Amino acid sequence: YHAPKNLAMSVSIEAGELLEHFQWLTEAESDALTPDRREEVASEIADVLLYLVQLADRLGIDPMAAAEAKMKLNAERFPPTTAGRIGKHEHS
């Protein structure tokens, strides 16, 4: 029922709500959520996923095929031997 632009905006909004649960946490704290916080995070993940699925459906995109194509592209662009060097400057 929703236009693709509205669904895309909703993905971003829900992703922002997901981020709020991790804002200001240390890495260790973000790795050890309380059961209540984990449940809230799960709900936000579900919201993001559901809007993505609706957007993909509306645009006629198979999200699993798109993810597989993206993983293949990333593997070609960033092979395991160079993945650890991404973002680092190398001098020859």
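Predicted model: local features only at pLDDT ≥ 70, side-chain atom pairs only at ≥ 80, totals over all residues.
**Entry 1: the overall layout**

I looked up the secondary structure and found 5 helices and 0 strands. Read from the N terminus, the elements go α-α-α-α-α. The protein has 92 residues, and 13% of them are buried. I then checked the contacts with a separation of 6 or more, and 65% of these join residues 24 or more positions apart. The accessible surface comes to about 7,700 Å². Carbon and sulfur atoms hold 59% of that surface.

**Entry 2: helix H3**

Next I turned to H3, which covers residues 35-59 and so has 25 residues. From first C-alpha to last, H3 reaches 36 Å, close to the 36 Å expected at 1.5 Å a residue. Which residues of H3 are buried? I noted Val-41, Glu-44, Val-48, Leu-55 and Ala-56. The cover over these buried residues includes H1 and helix H4.

How many salt bridges does the structure hold? I found 1. Glu-40 forms it with Arg-37, and the closest N and O atoms are 4.0 Å apart. Both partners sit in helix H3, 3 residues apart, which is about one turn of the helix. That made me recall a general point: an α-helix has 3.6 residues a turn, so residues three or four places apart point the same way. I also checked how open the two partners are. Glu-40 has a relative accessible area of 40%, so it counts as partly exposed. Arg-37 is partly exposed as well, at 28% relative accessibility.

**Entry 3: Glu-14 in H1**

I then went to Glu-14, which has its place in helix H1, residues 4-20. Is Glu-14 buried or exposed? It is buried, yet it has no salt bridge. The nearest side chain of opposite charge belongs to Arg-37, 14 Å away. I set aside the neighbours within four places in sequence and listed what Glu-14 is in contact with: Glu-44, Asp-47, Val-48 and Tyr-51.

**Entry 4: Trp-24 in a loop**

Where is Trp-24 found? I located it in the loop between H1 and helix H2, residues 27-31.

**Entry 5: helix H4**

My last stop was H4, residues 63-77. Its 15 residues should span 21 Å at 1.5 Å a residue, and its end C-alpha atoms are 21 Å apart, so the two values agree. At the start of H4, I saw a side-chain oxygen of Asp-62 reaching to within 3.0 Å of the backbone nitrogen of Met-64. Ala-66 lies in helix H4.

Key
Residues numbered from 1 in each chain as written. Heavy atoms only, no water. Helix = DSSP H or I, 4+ residues; strand = E, 2+ residues; numbered from the N terminus. Buried < 20%, exposed > 50% of the residue type's maximum accessible area, 1.4 Å probe, protein only. Lys, Arg positive; Asp, Glu negative; His and termini not counted. Contact = heavy atoms within 4.5 Å. Areas by Shrake-Rupley, 256 points an atom, 1.4 Å probe, with all protein chains shown as cover. Polar contact = N/O pair within 3.5 Å; in protein donor to acceptor, adjacent residues only side chain to side chain.
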